[in-house]
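Please keep the sequence and the structure open while reading.

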Amino acid sequence: MLFDKCRIGGIETTSRLVRSATFEGLADDCGYPTSEMLLAYEHLAAGGVGIIITGMIAAGTIEPRQHRQIRCDGDDCIAPLAQLTDRVHKHGGKIIAQIVEIGGAIMLPEGPGTIISPSGIPEKVGKEMQASRALTHDEIQILIQDMGKAAARAEKAGFDGIQIHGAHGYLISKFLTPFFNQRRDEYGGSLENRARFLLEILTTVRQSTGADFPLWLKLNCADFMQEGGLTFEDCQQLMPLLAASPVNAIEVSGGNMASLPRKGPIRAIRRTKEPMYFKPYAEHLAVALKDTPIDVGVVGGFRDLHQIEDTLAATPLAFVSMSRPFLRQPDLPNLWRNGSDEPAACISCSRCYGTDAIACIFHKTEKE
Ligand SMILES: Cc1cc2nc3c(=O)[nH]c(=O)nc-3n(C[C@H](O)[C@H](O)[C@H](O)COP(=O)(O)O)c2cc1C
Ligand code: SF4
C-alpha cells in the first residue's frame, strides 16, 4: 500500500510517503538554487520518494527573505527554479513548491531582522526578542497577491503543485493564533476573521494558477502554547471553511517558536518517547474531511516502516510525510521498497536545523 501507484492531492505518484518541506540554506546570493541544491534534490528523487515538497520559498515582496533562502518573488526566478523541477522529473519524481510569507524567525547573518506580523507582537527567537511591526490593511492585500503571483511562477517553472505554508508560526499561522493576532479589523478577532488571510490566499492562488494545479496546505493542528495559541478545537472548526476552499490536500503539523517545551514542530522523539506526535490530531481531521475530495496527511516523528503502513491502513490518512530522515538517508524509500524494514537511521537530534547549508551532522562528520 505504501508503494502502490496512487493519486494524492491531485498528483499521480508511486508512493504515499512524502518528503515534507525542509529548508535547505542552499540558495546563492540572488536567491536561486545552487548546483549543490540541485544535486541534493536529484539524490532525493533518485532515492524513490514519490512527492518532494521543497523547503520554504520566499514569496513576499515586503519583507527580507531568510539567509540563503530560494525565492519566487519575481519572474527572474522562473528559469532557475525550472532547473530544479527538471532534475527531479528526470528521476520520475514529483515536486511541490512550498511558498511562504515568513513573518517570523528571520535569522540574518547580522541577527534577527525586523519582521512583519498581524499585530506587531514581538517574538522570542533563540535568546533574542525579534522586533515586529503590524501590517497595514493595504500590505495584507499586497501579500495575498504576492502569493498568487509566486504560485503562478512556480507553475510556469514546472512544479507539480504548490503548498501554502500555513504552519509553525510563520505569517499565515500567526494570523490564526489569537496571541499574535490582536487585530480589530476583518482579519482579527473571531476564528473566521483570523482565517480570512489564509482563505483569501487559497482563493487567489487558485485564480492565479490552472484550475487543476494541485494546491496543498501545511497546517497546525494546534500551537501548543501556554496561552493564546490556536487550539485543536479551533483547528477542527476550520475544517468546514477549508472544505469549502479550493485546497486539494492538507499536511497536518503543529507547534511554533512559542510552544511549550518539547511541543514544537520538530521534536526529539528519542527523549519524548512520543513518535508520530501529530497522528491522533491528523486522524481526527481526516475523519472530519472524509466526505470531501481533500486528502489529509501527517508529518512529525515517523521513522518506522511498519508504523507508517499501519497508519495508512488503519486511518483515513492519505499520506505520511517525513523531513529529517531524508537528510540522513535520501534513499530510504528505495531501501524499504527493496525489502529492508530497518527504521530510519535518523536519531531526531535536530542538529541539522539551522540557517546555512542544512545537512545531517553524520554526513558533515563523514566529510570532515
Ligand atoms: C532542517 C529543517 C528544515 C525545515 N524546514 C521546513 C520548511 O522549510 N518548511 C516547513 O514547513 N517545515 C520545515 N521543517 C519541518 C519539517 O517539515 C517537519 O514538519 C518536522 O521536521 C517534523 O518532521 P520529522 O520528524 O519527519 O522531521 C524543517 C525541519 C528541519 C529539521
Ligand atoms: S542531524 Fe540528527 S535529526 Fe538531523 S538528520 Fe541527522 S540524525 Fe536526523
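Methionine 276 sits in the loop that runs between helix H8 (269-272) and helix H9 (279-288). The model is predicted, and in it methionine 276 has a positive phi of about 50° although it is not a glycine.

**Positive phi angles**

- Methionine 276 is buried, its relative accessible area being 15%, which is under the 20% cut-off.
- Arginine 68 is not a glycine either, yet it has a positive phi of about 60°.
- The loop that holds arginine 68 lies between strand S5 (57-58) and H2.
- Arginine 68 counts as partly exposed, with a relative accessibility of 23%.

**Salt bridges**

- The structure contains 10 salt bridges.
- One of them joins arginine 87 to glutamate 42, with 2.7 Å between the closest N and O atoms.
- Arginine 87 belongs to helix H2 (residues 78-89) and glutamate 42 to helix H1 (residues 35-46), so this pair ties together parts that are 45 residues apart in sequence.
- The two partners fall into separate accessibility classes: arginine 87 is partly exposed at 27% relative accessible area, whereas glutamate 42 is buried at 12%.
- A network of salt bridges links Glu42, Arg87 and Lys90.
- Aspartate 76 pairs with arginine 71 in a salt bridge whose closest N and O atoms are 2.5 Å apart.
- In that pair, aspartate 76 is partly exposed with a relative accessible area of 35%, while arginine 71 is buried with 13%.
- Lysine 290 and aspartate 291 also form a salt bridge, at 3.9 Å between the closest N and O atoms.
- Lysine 290 and aspartate 291 are both exposed.

**Cysteines**

- The number of disulfides in the structure is zero.
- A disulfide is a covalent bond between the sulfur atoms of two cysteines.
- For cysteine 77, the closest cysteine sulfur is that of cysteine 72, and the 5.9 Å between the two sulfurs is too far for a bond; the cut-off for a disulfide is 2.5 Å.
- Cysteine 77 is buried, with 1% relative accessibility.
- Cysteine 360 is buried as well, at a relative accessible area of 9%.

**Ligand 1**

- Ligand 1 is surrounded by 24 residues, and the closest are Ala21, Phe23, Gly301, Arg303 and Arg324.
- This shell is made up of 12 nonpolar, nine polar and three charged residues.
- An oxygen atom of ligand 1 lies 2.6 Å from a backbone N or O atom of alanine 21.
- A polar backbone atom of phenylalanine 23 is 2.8 Å from a nitrogen atom of ligand 1.
- Histidine 165 contributes a polar side-chain atom, which lies 3.0 Å from an oxygen atom of ligand 1.
- On its own, ligand 1 has 610 Å² of accessible area, and the protein covers 98% of it.

Key:
Residues are numbered from 1 along each chain as its sequence is written. Chains are lettered from A and ligands numbered from 1 in the order in which they are written. This is a predicted model: local features need pLDDT of at least 70, side-chain atom pairs count only at pLDDT 80 or more; totals for chains, interfaces and linings use all residues. Side-chain values use heavy atoms; hydrogens and water are left out. A residue is near a molecule or strand if one of its heavy atoms lies within 4 Å of it. A polar contact is a pair of N or O atoms within 3.5 Å; within protein, one must be able to donate a hydrogen and the other to accept it, and residues adjacent in sequence count only if both atoms are side-chain atoms. Accessible areas come from the Shrake-Rupley method with a 1.4 Å probe; for residues, only the protein chains shown count as cover. Ala, Val, Leu, Ile, Met, Phe, Trp, Tyr, Cys and Pro count as nonpolar, Asp, Glu, Lys and Arg as charged, and the others, Gly among them, as polar. Buried means under 20% relative accessible area, exposed over 50%, partly exposed in between (1.4 Å probe, protein chains only). A salt bridge is a side-chain nitrogen of Lys or Arg within 4 Å of a carboxyl oxygen of Asp or Glu. Helices (H or I, at least four residues) and strands (E, at least two) are DSSP runs, numbered from the N terminus.
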